[in-house]
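Have the picture ready and follow along.

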Amino acid sequence: MTTRAGIIRDDRVLAYTRVLSLVIIPFLLAAFVVLYIFPGDTGRLFAWPIKSTMSAMTLGSAYLGGAYFFGRVLWERHWHVVKTGFVAVAVFAGLLAVATVVHWDKFNHGHVPFWVWTALYFTAPVLVMIAWLVNRRFAAIAEVGEERIGRPARRVIGLVGVLALVQGVVMFLQPAWTIAVWPWPLTPLTCRVLGAIFCLGSAGLVVLVDSRWTTIRLMLQVDMLMIGLMLIASVRARTEFDAHRPLTWLLLAGFVFVLTGSALAWYRMEVRRRPQARTVVREELPR
C-alpha cells in the first residue's frame, strides 16, 4: 500500500529501529545480571545503592523483559507486532530521567554504572520515540481477516493497562504516601523507579485501537516473563514483606491474576487454535 506522499506502507521495521535495539540490549542484560542475580551488591555494581533486594530484583525483571522485547525487534519483519512497546518504553525511560534529576544526590557519581545510567536515560526517551515516529509512517492498515482477541479479553487487558498506569503515576507523584502502605521498604527514589515500571503496563492500552492478536502477542510474552520473575523474587525476598499491610496480598494477587490471565489468553490463541487450524487445512485439501 502506498500513501499520497509516496510512502510504501509495507509494515517494515526500519534499520534505525533495529540498530537502536541492538545497542540497548547489552545494557539491559548487564543490569539484569547485577540487579537480579546480585541484588545485595548494588552499592558496588549499580548506579545507586538499593537497600531492598525486592526493589532491585523488580527492576531487574523489567530489564530482562526489555531485553527480550528488543531482541524480538531485531528479527521481527512487521512493525505492528512490536510497535506496542515503544511508547511504553519511552515513558519508562523518561520517568527514570526525571527521577535521576530529582534524586541526583542519591547516585554513585564516581561509578561507571552511574555514567552509563545517565547516558542511557538522558538519551533513550528521545531515541525510542524517534524510532516509533519514523517507523509508524510505514505501518500497514489492519486487514479485515486478521485474527483479533475477543471483546471480554480486550476489556480486561485495557482495564489492567489503565490500572497499571494509574498506579505508576501515583507512585511517581506521591512517593511519601505510597511508602507508607507499600508491601516492602521503599525510598522516594526506588518508589519512583517502581512507578515507572508500572507505567510499562500502559502498553495494554493498545487494545483500544488495535485488537489484533499479532499486535498483543509480544506484549503478553514480555508481561509473563516480567511478572514471573517478580513472583520468584517475592519468594527470594519474602522476609522484606510486611504481611500486615493489605496491599501486600492485593499486589501479589494482582500479579498472579495478570500472569494467569496472560497465560490463559496465550493458550487460547496459540495452543488451542492449532489443532483447529490443522483440521481446517485437512478439510480444504482435495480428496
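H3 passes H9 in a left-handed crossing (left-handed if the near helix is turned anticlockwise from the far one by less than a right angle, right-handed if clockwise). Before going further: this is a predicted model, where local features need pLDDT of at least 70 and side-chain atom pairs count only at pLDDT 80 or more, while totals for chains, interfaces and linings use all residues. Residues are numbered from 1 along each chain as its sequence is written, and side-chain values use heavy atoms, leaving out hydrogens and water.

How do we describe two packed helices? By the angle between their axes and the distance between the axes. Here, axes are lines fitted to C-alpha atoms over the stretch in contact, and angles run from 0 to 180 degrees between N-to-C directions. Helices themselves are DSSP runs (H or I, at least four residues), numbered from the N terminus.

| Helix pair | Angle | Axis distance |
|---|---|---|
| H3 (residues 53-75) and H9 (residues 188-199) | about 30° | 10 Å |
| H3 and H4 (residues 79-102) | about 140° | 11 Å |

H3 and H9 are therefore roughly parallel, whereas H3 and H4 are oblique. The cut-offs: under 35 degrees is roughly parallel, over 145 roughly antiparallel, 65 to 115 roughly perpendicular, and the rest oblique.

Who touches whom? (Ala, Val, Leu, Ile, Met, Phe, Trp, Tyr, Cys and Pro count as nonpolar, Asp, Glu, Lys and Arg as charged, and the others, Gly among them, as polar.)

H3 and H4 also make a left-handed crossing. On the H3 side, the contact uses Leu59, Tyr63, Phe69, Phe70 and Val73, and on the H4 side Val82, Gly85, Phe86, Val89, Phe92 and Leu96. By class, this contact has ten nonpolar, one polar and no charged residues.

Now for threonine 215, which sits in helix H10 (residues 213-236). Is threonine 215 buried or exposed? Its relative accessibility is 0%, so threonine 215 counts as buried (under 20% relative accessible area; exposed is over 50%, partly exposed in between, with a 1.4 Å probe and protein chains only).

Finally, aspartate 11 lies in the segment before helix H1 (15-37). Most residues other than glycine have a negative phi, but aspartate 11 has a positive one, near 65°.

Definitions and conventions
Helix = DSSP H or I, 4+ residues; strand = E, 2+ residues; numbered from the N terminus. Contact = heavy atoms within 4.5 Å.
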